[in-house]
Each structure stands twice: as structure tokens, then as C-alpha cells.
Amino acid sequence: MGEVDPAFIQDLEHRPKLAIIEAEGIPLIDLSVLNSADPVSDGSLVPDIGDACKKWGFFQVINHGVPLEKRKKLEKAAREFFHQPLEEKVKIRRDEVRVYGYYETEHTKNVRDWKEVFDFTLQNPTIVPASTRPDEEQVVEWHNHWPQYPPQLREACEEYAEEVEKLCFKLMELIALSLGLPADSFNGFFKDQTSFVRLNHYPPCPAPELALGVGRHKDGGALTVLAQDDVGGLEVKRKSDGVWIRVKPTPDAFIINVGDIIQVWSNERYESVEHRVMVNSEKERFSIPFFFNPAHYTIVKPLEELTSEENPPRYRPYNWGNFLVTRKGSNFKKLDVENIQISHFRISESELANRFEKAVSVA
């Protein structure tokens, strides 16, 4: 990745500004109380989580229970993997059939990202629909593919994923409670989960004012748990004014963001927030996002407990497996149209108003 190929160059309106605005106010939440006998006994934790989800869609957690040595072990193995010659890494290159493994030409919003990645799934194999057809009844298996070197990478990945999965369930319980729901409300959706983990490597970029490590996007799943190194580069689009602000790395913390599925489940009480990754010309950067996703057969729709005549469902139901397979397929080819988004399932304001008027007239 030497000179900047035009495929990497962002449109003028989306090019990053090198002047950094560091985030003030992104909540830092201490989860140490989760290790106590009665984690809900701390009266501030659930409201703090709810407030962070509502105002930011992003927050950081410390004392989260994921052993630091597991994270360090994976970070070390990831560096060793990415520092190999390209001809070694492409031996496990992903494609449309083998969707997990190494990849160096990923696109976001149809612009190539300045990064290389290695993906692996939590449940191996992961079961998904065989095609993107809405009426698809056949399923296929997605399997992990591991490199020969470094030999400890597989073990490090699996150990780390197991620990972060536990954290995800704890966070989903807190989010459920913050919405006024029973703590285990979301657990059933993840019985046959399609969660996966990505190792990201962002090499130094000779033109960081033209390219992005990851272009602006929202995460399509339920929840993302991100470990980032001390270089930094993650930027969040602040809900209050639309300004891009940098999330300053906090040692040993995880950055949590609400995904599109929680936005739909909560009927927009909580919103998925746009974010992107900046690169720089001097330092490489590493990060590890864990994407917590439900089973492929999940029909995503606003939860009945969070809707009413006054607050009707804002989304039509959609099949998560179909959504996921469509998104994955777009990684391997540049699209002529916008990739699938939850906005495609959103009910228009005029239609919502008509439904409300009808409900009032019937009452």
C-alpha cells in the first residue's frame, strides 16, 4: 500500500479534516459492579447505560471482566500475522464462498478502505441463508479458515472471543433493563448467533487527507465491542451537531456502539451512530471489533413492549440472515447502488401519521 490508488480517494465532501476534535463527553462507564453478587444493585449503572445509548450511541467501558492477558495475546498474534508478506496472507484470502479469512480490498460506501483484515466467526460453522432471495429456505455453512503462521493465532482468537461474548450478553442485559424490559429479553435471539470478530490493520498512509481506514458507516448488527490500540483514529459523528470527533483511546477499555438492530428493536429510542476511521502517515494502527449478531432466522422488528398506538412501529420486519448475506456479498464487488440499509425498511413519517389517525378514529 504505497502510493494512493484512486480507488481509495474519498469524494471531496467525505474527505477527513486533519484537524482533530477530541471527544468530550463520550461516557466512560465502570462495570466493576457486574462482578458483585447483585449487579443491578448499583442504581446508577442501568440509567448510565441508557443515557449513553440515547445521547451518543457510543460509550466506553472499564473493569469489564475481559482478562487483559487474553487481549494482549491476540494483539501480539495479530501483529505477527499482518507483518507477513502478502503472498503468505493471501493463502487464506476470503471470497464469496469462503467469507472468513484475510482480505485487503474491502469497500465502504463503494470506496476502498485503507486497511487489511482477518475475520473469524464465533460459531463455527455459522449457518446462514443460501442466497439473498427473501423466500430462501436453504441454508449454507460459513467456516473459519486459519493460517499456518502464527501458530498461536487460532487459540488467541478463540479465547478472546469467548470472553468478549460474555461481556456482550452482560451489556445486552443492561440495555434491556435500561429500556424497561426484563434483563434476559434479548438472550434468545443469540442462540444460533452469527457474530464474528475482525482483526484490523491500518498501515501508514501517504495521503491521510484523501483516504480513510474505514469510510463512514453504521454497524448493521446488534452491538459492537471494539478494542483499539493507543494510536487512535476512530471518529464518531456527534448526534447533537453532526461534527466528526475523535474517540481518544483509554487504556484497556472497550468502545461499545449500538448497532442498527438495537435501533429497530428499541423503535428508535436508541440510535445507531455513523462512525469512520482516520489513518495517518507515520504510525500503523490495530483494532479488534467484535460484532454481536443474532441468529440468521431472526425477524428484526420493533419489540411489541416498546410500541403502542401513540408510538407505532417505525420499521417493517426484515430477516437478519438475508440482510447479512446481502451485506457480505457487497464486500466482494463494487455496487452500482447503495448497499442494503435499515432505512429501506423504515416506515415514512406520512405513513406513520396516517396509521395514528386511523387508530385514533377507531378508538
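Colleagues, let me begin with the conventions. The model is predicted, and local features need pLDDT of at least 70, while side-chain atom pairs count only at pLDDT 80 or more and totals for chains, interfaces and linings use all residues. Residues are numbered from 1 along each chain as its sequence is written, and side-chain values use heavy atoms, with hydrogens and water left out. Helices (H or I, at least four residues) and strands (E, at least two) are DSSP runs numbered from the N terminus.

I turn to the eight-stranded sheet. This open sheet has the order β1-β2-β14-β11-β16-β9-β6-β3, with mixed pairing; two strands pair if DSSP finds at least two bridges between them. At the edges stand β1 (28-30) and β3 (101-103), each with a single partner strand, so one side of each is left without a neighbour in the sheet. Direction ignored, neighbouring strands are turned by 25° against each other on average. Within this sheet, strand β11 (residues 223-228) and strand β14 (residues 254-258) run antiparallel and are joined by four bridges. T224 stands opposite N257 in β14.

Two helices pack on this sheet. Helix α1 (residues 45-55) touches β1, β2 (58-62) and β14, and its direction makes about 160° with that of β1. Contact here means heavy atoms within 4.5 Å; axes are lines fitted to C-alpha atoms, for helices over the stretch in contact, and angles run from 0 to 180 degrees between N-to-C directions. Helix α4 touches β2, β6 (116-121), β9 (196-202), β11, β14 and β16 (285-292), and the direction of α4 makes about 130° with that of β11.

Next, the helix pairs. Two packed helices are described by the angle between their axes and the distance between the axes. The axes of α1 and α4 come within 8 Å and cross at roughly 85°. The two helices are therefore roughly perpendicular to each other; angles under 35 degrees count as roughly parallel, over 145 as roughly antiparallel, 65 to 115 as roughly perpendicular and the rest as oblique. L45, V46, I49, G50 and C53 of α1 meet L174, I175, L177 and S178 of α4. By class, this contact has seven nonpolar, two polar and no charged residues. Ala, Val, Leu, Ile, Met, Phe, Trp, Tyr, Cys and Pro count as nonpolar, Asp, Glu, Lys and Arg as charged, and the others, Gly among them, as polar.

On the α2 side, the contact involves K70, R71, K73, L74, A77, A78 and F81, and on the α4 side L153, E155, A156, C157, E159, Y160 and E163. The class count for this contact is eight nonpolar, no polar and six charged residues.

R154 is partly exposed, with a relative accessible area of 41%; buried means under 20%, exposed over 50% and partly exposed in between, for a 1.4 Å probe and protein chains only.

Finally, the four-stranded sheet. This open sheet has the order β10-β15-β12-β13 and antiparallel pairing. Its edges are β10 (214-217) and β13 (244-246), each with a single partner strand, so one side of each is left without a neighbour in the sheet. The twist averages 20° from one strand to the next. Strand β12 (residues 234-237) pairs with β13 over three bridges, and E235 has R246 of β13 as its bridge partner.
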